[in-house]
Amino acid sequence: MTDRTARVRELNLYRQYFELVAAGTKTIEVRVKYPHLADLAAGDTIRFRIKDTDETCDVEVLRVTEYPDFEALLDGEGPSNVNPTATRDQQLANIRTIYGPEKEALGALAIAIRKQGT
């Protein structure tokens, strides 16, 4: 077993999703498997920030699960955990608006989160 120190990562989040995280109702964050997220692991902290503001919300990473694409991720995690205010089809369309096909081809990460202090 290797020793590793939990890290704090700062990631930008759109206001609508930030508010769901801050309320504790969004428990799965969706990201593309970019190289800078490859070592994200349970125990790390993500500090979500609304871009160009000082608004932040810290969450604990509970687990990170890799999926081949966004459809598999939504089916595996349950759409209501990703965004309880939108249908599966709406979420898939929204995610694909944010990340184009070339990004989705890198793989999808489901990051299980819990708002710190809850």
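Five strands form an open sheet with mixed pairing, in the order β1-β3-β4-β5-β2, where two strands count as paired if DSSP finds at least two bridges between them. This is a predicted model, in which local features need pLDDT of at least 70 and side-chain atom pairs count only at pLDDT 80 or more, while totals for chains, interfaces and linings use all residues. Residues are numbered from 1 along each chain as its sequence is written, and side-chain values use heavy atoms, with hydrogens and water left out. Helices (H or I, at least four residues) and strands (E, at least two) are DSSP runs, numbered from the N terminus.

- The edge strands, each pairing on one side only, are β1 (8-12) and β2 (28-32).
- From one strand to the next, the twist averages 40°, with axes taken as lines fitted to C-alpha atoms, for helices over the stretch in contact, and angles running from 0 to 180 degrees between N-to-C directions.
- Strands β1 and β3 pair in the parallel sense over 5 bridges, and Asn 12 has Arg 49 in β3 as its bridge partner.

**Helix α1**
- Gly 24, which follows α1, has a positive phi, near 85°.

**Helix α2**
- Helix α2 (residues 70-77) lies across β2, β4 and β5, and runs at about 105° to β4.

Conventions
Contact means heavy atoms within 4.5 Å.
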